[in-house]
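Please read the following briefing alongside the sequence and the three-dimensional model.

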Amino acid sequence: MLYLFGFERIGVAVSDIYFVDPNPNAGQEGAERGVRLELRKLEPGELKGSIYSARPITVDRPLWRVDLLESVTGTPGSFDRTHHHPALRDWEPGERVFDEQLSGEPLKWLGERLADLEGVLDEAGVGRDEVSAADVTGLRERAPEIVDTVRRLLDDVRSGALATPPSDAPSSDSVRASWL
């Protein structure tokens, strides 16, 4: 499942994810599932026909990522693998950053971060000129709606409806099923 909230130059993409890290850190072995949220650049394309034609939209590079993950064999609601990536370089995330507040109250933490786009950009090392005032205002106003979407996706993950291993998953140490 993929949700996309688009503003002027940025968007928030939210998806369920099932993940097996091929090179896990100690204590991070085994399958994980949950919800991934990324702040992404958006690029509108040129119309491909008349003024009435659909407009191509490119969901481009990630600026910031939050992974609300739990180990598949762990206790639902533990958020034992929940972390964020304050900065991404090109398309690659840095090391996982674990934060007690994020793991303790993930939806509250997420809402506060989404309402502070300037702070997120500063932490990510992204220039504020990459977003517009409409992005800042729009994200702040829609943060509760985005958090509610994340909450619903987490409920669907815990019910087993989402973030399941792919039926055709190879028998390897690396699996990823997600839009993000």
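In this predicted model, the buried residues of helix α2 are P106, L107, W109, L110, G111, R113 and L114, where buried means under 20% relative accessible area, exposed over 50% and partly exposed in between, computed with a 1.4 Å probe on protein chains only. Helix α2, residues 106–114, is thus mostly covered, with 7 of its 9 residues buried. Helices (H or I, at least four residues) and strands (E, at least two) are DSSP runs numbered from the N terminus.

**Basis of the values**

- Residues are numbered from 1 along each chain as its sequence is written, and side-chain values use heavy atoms, with hydrogens and water left out.
- Because the model is predicted, local features need pLDDT of at least 70 and side-chain atom pairs count only at pLDDT 80 or more, whereas totals for chains, interfaces and linings use all residues.

**Cover of helix α2**

- The elements that cover the buried residues of α2 include the strands β3, β4 (57–71) and β5 as well as the helices α1 (100–104), α3 (117–124) and α4 (133–159), contact being defined as heavy atoms within 4.5 Å.

- Strand β1 (residues 2–6) pairs with β2 in the antiparallel sense over 5 bridges, two strands being counted as paired if DSSP finds at least two bridges between them; L2 stands opposite S15 in β2, and a hairpin joins β1 to β2 through 3 residues.
- Strand β3 (residues 32–44) and β2 also pair in the antiparallel sense, over 10 bridges, and here G11 stands opposite R40 in β3.
- Strand β8 (residues 175–178) runs antiparallel to β2 and is joined to it by 4 bridges, with V20 standing opposite V175 in β8.

**Residue H83**

- H83 lies in strand β5 (residues 83–85) and counts as buried because its relative accessibility is 0%.
- The side chain of H83 makes a polar contact with the side chain of H85 at 3.3 Å; such a contact is a pair of N or O atoms within 3.5 Å, and within protein one must be able to donate a hydrogen and the other to accept it, while residues adjacent in sequence count only if both atoms are side-chain atoms.
- Leaving aside residues up to four places away in sequence, H83 touches V66, D67, L69, R96, V97, F98 and L102.

**Positive phi outside glycine**

- D90, which is not a glycine, has a positive phi of about 55 degrees; D90 is placed in the loop between β6 (88–89) and β7 (92–93) and is exposed, with a relative accessible area of 64%.
- A163, also not a glycine, has a positive phi of about 55 degrees; A163 is placed in the loop between α4 and β8 and is buried, with a relative accessible area of 4%.

**The chain as a whole**

- The secondary structure of the protein chain comes to 4 helices and 8 strands, which run β-β-β-β-β-β-β-α-α-α-α-β from the N terminus on.
- Buried residues make up 42% of the 180 residues in the protein chain.
- Along its principal axes, the C-alpha trace of the protein chain spans about 50 × 35 × 30 Å.
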